[in-house]
Amino acid sequence: METILTLEKLNKRFGAVHAVKDVSFEIKKGNVYGILGPNGSGKSTTLGIVLNVVNKTSGDYRWFGGTIDTHEALKKVGAIIERPNFYPYMTAKENLELVCRIKGAPFSKVEEKLEIVGLLERKDSKFRTFSLGMKQRLAIASALLNDPEILILDEPTNGLDPQGIRQIRDIIKTIASQGTTILLASHLLDEVEKVCSHVLVLRKGEILYSGTVDGIIANEGFFELQSDNMTELKNALELHPAIDTISEEENRLFVYLKQALEAHELNKYLVQKGIYLNHLVKRKYSLEEQFLQLTNNK
């Protein structure tokens, strides 16, 4: 799979503040990557460095395997790292045609991209009449005009209402399904879990996790159990080699694992001991739970 962007031990200092610390990762073509972390974690600074608007202190980054220089590589990149800034008295179509002139893209791209972001019917409306969500969608259309190989979005749903957030998420999924690689920075766990295939967790400029979203939540999980005789149930569970710890809450046992154990296997084990369950649910940790575990341990 083609590598679009490589970061190697990237560092950025602002005086005494070490904003980005030895950050290394790769972005492969066709995936949706999320840089996840609280405000001040180094997300925007990292994006600024690779987009050549922030100077790195040390380390290196390469676009497209280093085969072309950064200036040429950035012509294949679409990015929104600040609030969209268009001419308020011009229509959506006129604003995008102006961007086409700057990027050297054909005007035929304007309506095509407006359709992707759901604004084709508002092409002749002035920008000043747009809601915040519509302005953000127009900015995405603008970033797509040159058919970029990668789209970079910094907090794309910031400040939007729930409907606006959902529209942006759906647009990101549509763009990704058409083969465009996406890199988005967000402090919203839900956003990354629903949209991204890969995640990089940052805290105070350091990487806590880098890999697939499935990978960060792919743990052994835990069971919620209930039976008529909870004491007998607990005693039997304590003898099972796959079980790590057991806690009780609201007349249910929460059973945490140290190795893989399927629900049917546990049920069979308990039946063999004469214990019948009236409640059995296997759960996975959410990205939020895993994220909190990561950040609380540092």
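Is Glu155 buried or exposed, and what is its relative accessibility? At 12% relative accessibility, Glu155 counts as buried, where buried means under 20% relative accessible area, exposed over 50%, and partly exposed in between (1.4 Å probe, protein chains only). The views below come from a predicted model, in which local features need pLDDT of at least 70, side-chain atom pairs count only at pLDDT 80 or more, and totals for chains, interfaces and linings use all residues. Residues are numbered from 1 along each chain as its sequence is written, and side-chain values use heavy atoms, with hydrogens and water left out.

**View 1. The salt bridge of Lys43 and Glu155.** The two side chains meet at 3.8 Å, N to O; a salt bridge is a side-chain nitrogen of Lys or Arg within 4 Å of a carboxyl oxygen of Asp or Glu. Distant parts of the chain are linked here, since Lys43 belongs to helix α1 (residues 43-50) and Glu155 to the loop between β6 (150-154) and α6 (162-177), 112 residues apart. Helices (H or I, at least four residues) and strands (E, at least two) are DSSP runs, numbered from the N terminus. Lys43 is buried as well, at 4% relative accessibility.

**View 2. The salt bridge of Glu111 and Lys123.** The N to O distance is 2.6 Å. Because Glu111 lies in helix α4 (residues 108-116) and Lys123 in the loop between α4 and α5, the pair ties together parts that are 12 residues apart in sequence. Glu111 is partly exposed, with a relative accessible area of 32%, and Lys123 is partly exposed at 22%.

**View 3. The salt bridge of Glu224 and Arg252.** These side chains meet at 3.3 Å, N to O. The pair links strand β10 (residues 222-227), which holds Glu224, to strand β12 (residues 252-257), which holds Arg252, across 28 residues. Glu224 counts as buried at 11% relative accessibility, whereas Arg252 counts as partly exposed at 29%.

**View 4. A salt-bridge network.** A search of the whole structure finds 16 salt bridges.

**View 5. Arg137 in helix α5 (residues 132-144).** Arg137 is buried yet has no salt bridge. The nearest side chain of opposite charge, Asp161, is 8.5 Å away; Lys and Arg count as positive and Asp and Glu as negative, while His and the chain ends are not counted. Leaving aside neighbours within four places in sequence, Arg137 is in contact (heavy atoms within 4.5 Å) with Val117, Gly118, Leu119, Gln167, Ile168 and Ile171.
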